[in-house]
Structures are given as structure tokens and as C-alpha cells.
Amino acid sequence: MIINVDTTERSVESTKEKIHSNIGNSETSVWKEYGNNYENVGVSSAKKELDNDIAIKILELGNCSTSPTTVGEFGCGPAPISSRLLSFNKAWGRPLFKVEGFDNDANMSNNIPQNENFKFNKLDISDPYAYEKHINNGGNKIDIAILENSWYAVTTGVSEETDEALYRRFVVLQNIWSLLDRDGFLIITDPNDSTKDLNFKNTLQGASREISTAIKRGELRESINNIKDPRTKEIIDKNKNEILPSSQLFTHTEMLDFIINTGLFQIEHARSGKYMGHNTNIVVQKRNTDQISFKPFTTFLLDIRKSKAKYLLEDFRRLNYSEKVNPIVTGIDEQDDKHKESYTVVSQLSGTIIPGAIATVDIEEDYEEDSWEFSQLFNIPEETLIEIIPQGKKKTAEIRRLGTISAYDKNFERAGVYSTIDVITRIYEEIKERDVDILFFTATPDRLSHFNGILRKLNLGTFTEVPDAKLNRINNTNLKVLLTGARYFFEDTGWNNIINNETLTSLREYLIEHKDMNIEQACFKLWGSKQQEKLEEVRILLTNTDLFPENAHLYYAQVPK
């Protein structure tokens with residue numbers, strides 16, 4: 001199915017404009033210290049040669065005959081490519097290029113000469129909202145983008161979290177795809193995984209390459225002085241011991257496959273190089289919306305509490321749950337912090353940062369010490385849990401916050417179904433690997449039927465209702481949840497009884513308008529001294545199962561081994 005991706009971007013633009021903050025980068029201090037050393041050491045001849053090659057490639061790709069080509073240097077640091085392009089402007093006596101530097105460190109702007117054809121932008125290109133922030137701040141699209149030894153840098157500090165690292169790499173490509181004008185080009189040079197092995201042989205090869213390049217450029221004395229400079233050794237040691245080991249690097253083939261599988265670009269040129277030991281140099285061209293197949297790309301297992309995807313997933317949850325389940329649902333809630341192992345599985349579609357589907361899975365070692373969301377919502381007899389959980393098997397998990405892209409637009413319903421299949425498949429892979437025995441899921445019968453249908457298709461068994469598990473209608477916190485989410489938790493009869501009851505309707509509307517207020521506070525604001533009387537009236541009404549029959553139930557399934 002071919003989808004116009006711009007439609008997806010517009011449909012969520014108003015939501016994204018509300019997000020103004022970024023996830024803190026654990027790698028910031030590492031790069032800042034590295035940058036300070038790097039600025040104080042002369043640039044190597046090999047690096048100058050690489051910068052020159054990129055600048056010449058831009059000159060070949062650019063159409064400067066009628067108007068300046070706009071170029072963006074991402075993770076620019078002191079913007080060496082931009083400086084070379086500006087020198088081309090000076091040599092030609094007219095602006096061949098208008099260049100912009102993008103870096104997450106605002107201090108980098110102090111190292112770049114002022115020029116009317118250059119603009120510096122503080123931007124974290126691995127932030128899912130980077131494109132919208134840039135455009136909303138008056139930024140424009142560009143013709144050519146550059147990632148010179150900066151694509152891998154967004155993974156520094158998270159190399160052990162493979163999915164987070166890969167997610168950041170994907171977001172970089174998606175943001176640049178969005179920022180590129182039609183038929184725009186992206187030039188990438190990035191170190192390969194073999195670069196991590198800075199042994200004596202590779203270090204010697206690097207030094208030999210530096211010397212040979214310096215001789216060719218007539219910079220031998222300057223190059224030798226750089227090699228002898230103690231700060232150069234500090235940079236090499238920093239790379240060897242801190243930056244490269246804590247970064248996620250691709251092999252040459254993996255890098256090409258990753259780019260191709262995003263569906264965002266077509267590869268025009270690719271070759272291996274020897275800068276920094278081994279690197280890959282790639283030129284790709286943007287695929288336009290009429291060329292992109294809107295289909296699942298891959299799944300990511302992310303910790304929503306600290307992922308770069310945090311605010312995007314918050315928005316995704318809110319849109320799905322505020323409309324379908326409960327209008328007071330927030331993106332991140334207390335439940336996300338109650339488990340040592342809590343992951344959100346994201347099925348990512350090609351061509352857009354909007355996930356096709358997401359679901360969170362919480363894992364607990366011992367159900368007897370649980371803090372499950374369902375244990376707060378339901379009263380469950382102890383003997384029931386003993387009966388359904390195999391003897392000696394205490395490791396359990398709960399699926400919650402399942403949502404799909406169809407919440408943004410019903411036209412994406414099919415993509416949402418395929419993405420849900422990918423999410424469920426990944427969840428089962430993860431819980432099997434962690435030796436989970438029982439899986440819980442709260443749902444309505446129609447939602448459960450759809451879920452079980454997918455499980456049957458995947459030969460993963462089905463969910464069964466937990467016997468005698470009933471909604472806890474006494475707890476004040478639950479009263480708020482049940483009342484505001486009445487269309488989900490109760491059958492149509494219960495919903496009709498709420499809208500026909502002035503007390504329940506007034507309280508529900510007030511709670512929705514004041515999401516952070518508890519039910520006792522809301523009753524006081526509405527009825528003052530009659531607070532307790534009204535609260536008890538609400539409790540008596542909502543505990544009447546004839547007036548408010550349950551529509552949401554707790555289900556469980558044994559995890560197939």
C-alpha cells in the first residue's frame with residue numbers, strides 16, 4: 001500500500017508542537033570533553049582529505065547554476081564541510097551554497113566563522129521531533145545533507161541497549177528524509193565496527209595513511225607535529241577506551257541493509273574507506289512519498305522511561321487511550337516505574353516516525369510481590385491465582401497500553417493490524433527468552449477476540465478470562481478511573497445510566513477537565529460540605545453491577561515453551 005507520508009506528518013503536527021523538551025543525553029559529557037581536546041589539536045591530513053572529498057561530491061551533486069544549493073551538516077562540530085563550501089563561494093565570487101550546521105552542543109557555534117551564507121542550529125537530530133522543531137522555528141528544507149562521522153555518535157552511551165541505539169539511528173534518517181527537499185541527497189561517512197579494534201596493527205596502518213596523505217598534501221611537518229602532540233594520544237585513547245566501545249557500529253553490509261530497509265532512500269554510491277581504520281562512504285537519494293511502501297520496517301524494544309522515543313510514545317499512548325479507553329490517561333504513569341523490567345515494543349513503519357503499533361510488557365520475578373496494574377483494577381481471589389499459575393512458576397508478565405496508528409487516521413487500519421502482529425511476535429520472543437510462565441492482559445471481549453485471533457494465526461495459544469476476577473469498585477482511585485473510563489469499563493447499559501445521572505455526569509466531566517485532581521477533591525469542589533455524602537452516593541451507584549455491568553475483564557495465557 002502506498003501512502004502519502006506528508007499526510008501522516010500533518011495529522012500529528014498539532015500534537016507534536018506541544019512537546020518542547022528533550023531526553024537528557026548520557027553521552028553529552030563524553031563528547032564535550034572529547035570536543036575540547038579535538039579543537040586544540042591540528043586537523044589531521046587524512047581528515048582534511050575526507051572533508052575535501054565530501055565537499056567535491058557536494059559540488060558534483062549540487063545544481064548551483066541558477067540558485068545556491070542549500071546544504072545541512074548534521075552533527076557538524078566545528079563545521080569543516082561548511083567551511084569548505086563557503087571557501088568555494090569565495091573562489092567563485094558568488095554564493096554557490098547556503099549552508100547550515102546542526103549540532104546538539106550550542107557551544108559549537110563559537111568555533112565557526114561568521115558568514116552571511118552560514119547558519120548554526122542547535123538541534124538533536126536523534127530526537128523524533130527534530131524535524132517539527134526545526135520547521136516550527138522558521139527553518140527550511142535543504143537540498144543536500146551530510147553525516148560525517150556523526151551518525152554513530154547518536155548511539156554513544158547506549159551501545160548495550162541495541163534496540164535504543166538502532167532506534168536513534170533510524171530517527172536520524174527519518175528526520176533528514178523529512179528535512180530534504182524532493183530528490184535531495186544524503187552523504188554519509190561512518191566508521192565500521194572493525195574500527196573499535198584499535199590494536200597496534202590498525203593504529204600503525206592509520207599512522208601510515210596519515211603520513212602518506214600528508215606527503216601528498218605537502219603537510220608532512222604539520223602532520224608529524226600532530227602525531228607527536230600528547231593531546232593526539234588523548235584523543236586516540238578516548239576513542240579506544242570510551243567513545244567507540246560505548247557506541248553501536250555497523251559492518252559495511254549492515255549499514256547498507258539498514259538504510260535500504262527503512263524504505264526512505266535509494267543508494268546511489270557506496271564504498272569502504274580507510275579513514276579511522278575502516279569506514280563506509282555512501283551517497284543516497286531521497287525516495288519521495290509516491291515511492292514509499294507504507295509497511296512495517298522492524299520492531300524496537302525500548303525503555304519508555306529513558307528512551308529518545310519517550311515523548312513520541314507518550315503522545316501515541318494518549319491519542320490511543322484518551323479516545324478509546326479513558327480521557328484522563330497520561331502518556332507516562334506510575335505503573336511505568338513500578339517494575340525493574342518494563343519495555344515498550346514499537347513496530348516501526350517505513351517512511352514515518354509514527355509507530356504502526358506499540359504495547360508495553362511488564363515482567364515480574366515473583367507474582368506474590370507484584371505491583372501489577374490489573375491487581376489494582378481487579379479483586380482476584382488468592383486461590384484463583386494459585387489455580388492458574390503452575391506450581392513453582394512465579395515469573396509473570398502483563399501486556400498493557402496496546403495501541404495502533406489507526407488512532408491517527410482510520411486509513412492506516414491495515415498497517416496497524418500488521419504492526420500489531422509484529423509487536424505481539426516480539427513480545428512473545430522476549431518473554432520466552434526471559435522464561436515467563438503466565439501472561440496477563442486486561443481487555444474488552446471484542447478487543448480480546450481480535451487479540452486471540454492474531455495469537456491463533458501465530459500459533460501462540462489464546463487468552464482465557466481469569467475466573468472470579470471482578471473490578472474493584474470500592475477504592476477511591478479506581479472510582480475515578482472507572483467513572484472517567486466508563487465507556488470502556490462498563491457495557492452500554494452502564495454508560496447510559498451515567499449520562500442519565502446528573503451527579504455522575506457532573507463529576508465525570510469535572511474529573512476529565514481536571515485530570516490531576518483525585519475524586520475526593522473533585523467532590524469537594526463540586527459540592528463543598530456535601531463531599532462525603534456525594535462520594536458515597538457515587539460509590540453505591542458504581543458498585544451496583546446490575547446498573548453498571550462490566551465490559552472490561554482480566555485474561556491470562558500460559559506462555560508456550
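Which residue in strand 16 does Glu-465 stand opposite? It is Tyr-555, and I would like to start from there.

A word first on the model, which is predicted, so that local features need pLDDT of at least 70 and side-chain atom pairs count only at pLDDT 80 or more, while totals for chains, interfaces and linings use all residues. Residues are numbered from 1 along each chain as its sequence is written, and side-chain values use heavy atoms, with hydrogens and water left out.

Helices (H or I, at least four residues) and strands (E, at least two) are DSSP runs, numbered from the N terminus. Two strands pair if DSSP finds at least two bridges between them, and here 7 strands form an open sheet of mixed pairing, in the order 8-9-10-12-13-16-14. Its edge strands are strand 8 (296-302) and strand 14, each pairing on one side only.

Strand 16 (residues 553-558) runs antiparallel to strand 13 (residues 438-443), joined by 6 bridges, and also antiparallel to strand 14 (residues 464-465), joined by 2 bridges. Ile-438 has Gln-558 of strand 16 as a bridge partner, and Ile-438 is likewise the bridge partner of Thr-396, where strand 12 (residues 396-404) and strand 13 pair in the parallel sense over 4 bridges.

How many of the 6 residues of strand 16 are buried? The count is 5, so strand 16 is largely enclosed by the rest of the structure, where buried means under 20% relative accessible area, with a 1.4 Å probe and protein chains only.

How values were computed: Buried < 20%, exposed > 50% of the residue type's maximum accessible area, 1.4 Å probe, protein only.
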